[in-house]
Every structure is written in structure tokens, then in C-alpha cells.
Amino acid sequence: HDFYSRAYIRNAITGIGVGGPIYSDVLRTTVALFGSTIAGVVTRASLDKGGVFALGPQDASIGFGLLRRFNIVYDYPDRMLVTWPSRFFSEPDVFRPLANPPNATGAPPGGRRRPTTSRR
């Protein structure tokens with residue numbers, strides 16, 4: 001289904017891991033979660049060859065931008081999640097790229113170019 005072709009930002013530093021910067025393509029997708037369908041969720045598709053985001057054929061990370069749309073109660077004794085929309089439910093996701101880390105030296109893994117983005 002050509003998941004990665006929808007990326008509107010390519011080769012951005014989207015996080016910092018134990019091994020250094022996480023390079024990803026950024027795209028928007030639709031997610032069905034907790035009985036709701038949410039369009040325009042910002043997703044990072046890691047370009048890294050190792051680490052937790054490089055284990056499957058189509059790896060991506062959807063994190064805080066999606067989860068903040070819900071209030072979530074973890075009911076451990078009953079093994080349930082109780083969820084309802086939060087006050088952020090209707091707010092659109094916004095991608096804020098990280099600046100190049102100040103202590104990064106040399107070429108990134110795989111010889112990829114560092115993006116020229118900065119945090120806004």
C-alpha cells in the first residue's frame with residue numbers, strides 16, 4: 001500500500017535514542033483507537049537500520065500526539081483500559097522537528113544527510 005510514499009518530511013531528526021539521533025520520514029495517517037477514528041495523526045517512519053524502530057517490515061511510531069487526545073485509566077486489577085476523549089481530542093497534530101544535536105559529529109548512520117530543520 002506504499003505507506004512511506006506519503007511522507008511530507010523526509011530524513012528529519014525526530015528523536016534521540018541511546019545510539020544517537022533517530023532519522024525518520026514524517027507522514028500523516030488515520031488511526032482507529034478506543035472506538036474513535038482520527039485522521040491526520042503525525043507518524044514517524046524510522047529510517048534507522050537498528051534499534052527498536054527497525055524490527056518490522058513497516059515500522060512507525062505514533063506517540064504523544066495521539067495519546068494526549070484521550071484520558072486513560074489503567075485498571076490493573078480488572079485488566080482494563082478505561083478511555084474517553086480529552087480536551088485535546090480535536091486539536092490537530094503538529095510536527096516540531098528537533099535541531100541537530102549539539103554533540104553529534106560525523107555522518108549519520110548509513111551516510112544520510114542531516115536535515116536543515118530546527119525546533120520552532
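Student: Where is tyrosine 76 found?
Tutor: In this predicted model, tyrosine 76 lies in the loop that runs between strand S4 (70-75) and strand S5 (80-85).

Student: And is tyrosine 76 buried or exposed there?
Tutor: Tyrosine 76 has a relative accessible area of 66%, and because exposed means over 50%, it is classed as exposed.

Student: Which residues make the nonpolar surface patch with Tyr76?
Tutor: The patch, which covers about 560 Å², is made by Tyr76 together with Phe34, Leu67, Tyr74 and Leu81.

Student: What is isoleucine 38 in contact with, leaving aside its neighbours within four places in sequence?
Tutor: With those neighbours left aside, isoleucine 38 is in contact with Val31, Leu66 and Phe70, and also with Thr29, Thr30, Arg69 and Phe89.

Student: What about threonine 43, buried or exposed?
Tutor: Threonine 43, which is found in strand S3 (residues 36-46), is buried, with a relative accessible area of 1%.

Student: New topic: why does alanine 12 count as buried?
Tutor: Alanine 12, found in strand S1 (residues 9-17), counts as buried because its relative accessibility is 0%, while the cut-off for buried is under 20%.

Student: How many residues apart along the chain are alanine 12 and leucine 98?
Tutor: They are 86 residues apart along the chain, and their C-alpha atoms are separated by 7.9 Å.

Methods. Residues numbered from 1 in each chain as written. Predicted model: local features only at pLDDT ≥ 70, side-chain atom pairs only at ≥ 80, totals over all residues. Heavy atoms only, no water. Patch = residues over 30% accessible without salt bridge, like charges linked within 9 Å, V, L, I, M, F, W, Y side chains within 5 Å. Areas by Shrake-Rupley, 256 points an atom, 1.4 Å probe, with all protein chains shown as cover. Salt bridge = Lys/Arg side-chain N within 4 Å of Asp/Glu carboxyl O. Helix = DSSP H or I, 4+ residues; strand = E, 2+ residues; numbered from the N terminus. Buried < 20%, exposed > 50% of the residue type's maximum accessible area, 1.4 Å probe, protein only. Contact = heavy atoms within 4.5 Å.
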